[in-house]
Structure formats: C-alpha cells, structure tokens
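Please examine the sequence and the predicted model shown below. The explanation that follows takes up a helix pair and then a sheet.

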Amino acid sequence: ERLHLVAKLDVHAKESLLKPNPQLDNAISNSAKNGLPSITVSELQGQFLSIQCQLMNAKSVLEIGTLGGYSTIWFASTGAKVTSIEIDPKHRDVALENTKGLDVDIILGAALDVLPKLAEEGRKFDLVFIDADWNEQWEYFQWAVKLTRKNGCIYADNVVRETLESDPDVTGKESLFAKVGKDERVQATLVSTVNSHKQVDDDMYDGFILAVVKES
Ligand code: SAM
C-alpha cells in the first residue's frame with residue numbers, strides 16, 4: 001500500500017515537473033531500437049543532476065558509464081562540456097548518435113584504464129558522475145576525488161541497491177558508505193531516490209552518494 005503511494009507520487013511529480021525535451025525522448029527510443037538495456041537514470045534523477053550543474057555553474061562534467069548518452073544529454077544541455085567513458089563500442093556509437101550537437105567527448109575504454117590517463121593529463125572537473133560497474137565503485141570514487149576540483153562534487157549512482165545486494169553483514173565486505181565515510185578529503189551524504197519506472201517493489205528505492213571534495 002505504502003509502496004503504491006510512493007510510486008504514484010513519483011509519477012505525479014514526473015508528470016508535473018518535466019518539460020518536453022525531444023533529444024531525451026529520441027535517446028530513449030533510439031537506444032531501445034538498438035537493443036540497449038533500459039538502465040538509464042530516471043527522468044527526475046536526470047533533472048536533479050541537471051539542476052545540480054546549474055546551481056554550481058558547472059563547466060566540465062566527467063561521467064563514468066555512458067550507455068546511450070541519456071544522462072550525458074541531461075548534463076550537456078546545461079552548457080557544460082561532458083567527458084564520458086564507455087567500455088562497450090556499440091553503446092558509444094548509439095550515444096554519439098543521441099548526443100549529436102552537444103559538447104560531448106565519449107572515450108571508448110575501461111574506466112580504470114582511462115581515469116589514470118585523465119589524472120596524468122591534470123584534468124579537473126566540476127562534477128563527476130559514477131554510473132558503470134558496481135564492483136568498481138570504490139576505485140572509481142578514489143579516481144573521482146583526484147579528478148574533481150576543490151569544492152566540486154561526486155555523485156555515485158545505485159549505492160543503495162548495490163549495498164543491499166552485497167549485504168555487508170553477509171559478505172563481511174566494507175560498504176561503500178563506510179569507505180567514503182573514512183575518506184578525509186570529502187564530506188558525503190546519501191541522496192535517496194525512488195524510480196517508479198521499475199516495477200513497484202523494493203527495487204524502486206535506490207540512491208546516490210553525494211560527496212563534496214574538500215581536497216583532491
Ligand atoms: N549513465 C547512463 C544513463 O543514465 O543514461 C547509464 C549507464 S549504464 C547504468 C552503465 C554503463 O557503463 C553501460 O553502458 C556499460 O557498458 C558501462 N560500463 C560497464 N563497465 C564499465 C567499465 N569498466 N568502464 C566503462 N564503462 C563501463
């Protein structure tokens with residue numbers, strides 16, 4: 001019952017708050033047509049990330065995990081330059097089609113190969129969005145800290161589902177929250193999210209870790 005109410009409110013918020021954006025709609029349909037999985041951020045999450053960029057006047061965004069470029073479009077539509085990393089050549093090709101006309105650079109490669117190169121080049125970003133391989137979240141996070149300017153921020157997606165699925169009480173592994181909490185270079189919190197896109201069950205609930213980088 002409660003789940004239904006939350007899902008209903010999410011749909012209502014979505015229908016009320018979103019403005020039409022043909023490029024985003026096209027990205028969703030073209031990605032489906034090309035057989036990409038529908039595992040993008042939700043519309044309201046995309047809007048949230050876009051608002052975050054505008055609030056901090058972000059000029060440069062680094063994204064780890066492009067898929068068909070749906071979240072990339074949300075970032076780039078704010079006027080920020082987006083550098084995005086994608087391991088799958090087909091995903092990258094579709095993303096290139098979907099993001100046409102925007103200031104986007106999609107690097108083909110495994111994130112853990114590409115991130116050290118960006119650091120070597122001395123690149124710094126206003127915002128880093130982590131949305132690739134759940135098993136590598138902590139490695140991505142550490143590179144992200146190095147690649148974020150002072151007082152810039154890092155978002156890591158799916159941290160609630162990832163932590164629940166690899167239940168620290170069962171696996172004995174330290175959670176991402178525990179690791180991030182010990183990192184003196186950042187101040188971090190959990191931004192809980194609901195996505196009624198998914199079926200109405202516990203999987204609807206997820207969240208971002210949001211970290212502000214005090215020193216990188
Ligand atoms: N950010 C996208 C959005 O919201 O529209 C969704 C990204 S999807 C959840 C994850 C993507 O990360 C997939 O396209 C996958 O191929 C890519 N990926 C997985 N492992 C990767 C790795 N090690 N390096 C780079 N990309 C990776």
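Is the crossing of α6 and α7 left-handed or right-handed? In this predicted model, the crossing of these two helices is left-handed. Helix α6 spans residues 111-120 and helix α7 spans residues 137-147. Two packed helices are described by the angle between their axes and the distance between the axes. Here, the axes of α6 and α7 come within 10 Å and cross at roughly 15°. Because angles under 35 degrees count as roughly parallel, α6 is therefore roughly parallel to α7.

The residues that make this contact can be located on both helices. Sorted by class, the contact of α6 with α7 comprises eight nonpolar residues and two charged residues, with no polar residue.

Attention now turns to the sheet. Seven strands form an open sheet, and their order across it is β3-β2-β1-β4-β5-β7-β6. The pairing within this sheet is mixed. Its edge strands are β3, at residues 104-108, and β6, at residues 186-194, each of which pairs on one side only. From one strand to the next, the twist averages 15°.

The edge strand β6 can be followed to its partner. Strand β7, residues 205-213, is joined to β6 by nine bridges, and the two strands run antiparallel. Within this pair, V186 of β6 stands opposite V213 in β7.

Definitions and conventions
Residues numbered from 1 in each chain as written. Predicted model: local features only at pLDDT ≥ 70, side-chain atom pairs only at ≥ 80, totals over all residues. Axes fitted to C-alpha atoms, helices over the stretch in contact; angles between N-to-C directions. Helix = DSSP H or I, 4+ residues; strand = E, 2+ residues; numbered from the N terminus. Parallel < 35°, antiparallel > 145°, perpendicular 65-115°, else oblique. Left-handed = near helix turned anticlockwise from the far one by under 90°. Nonpolar A, V, L, I, M, F, W, Y, C, P; charged D, E, K, R; others polar. Pairing = 2+ DSSP bridges.
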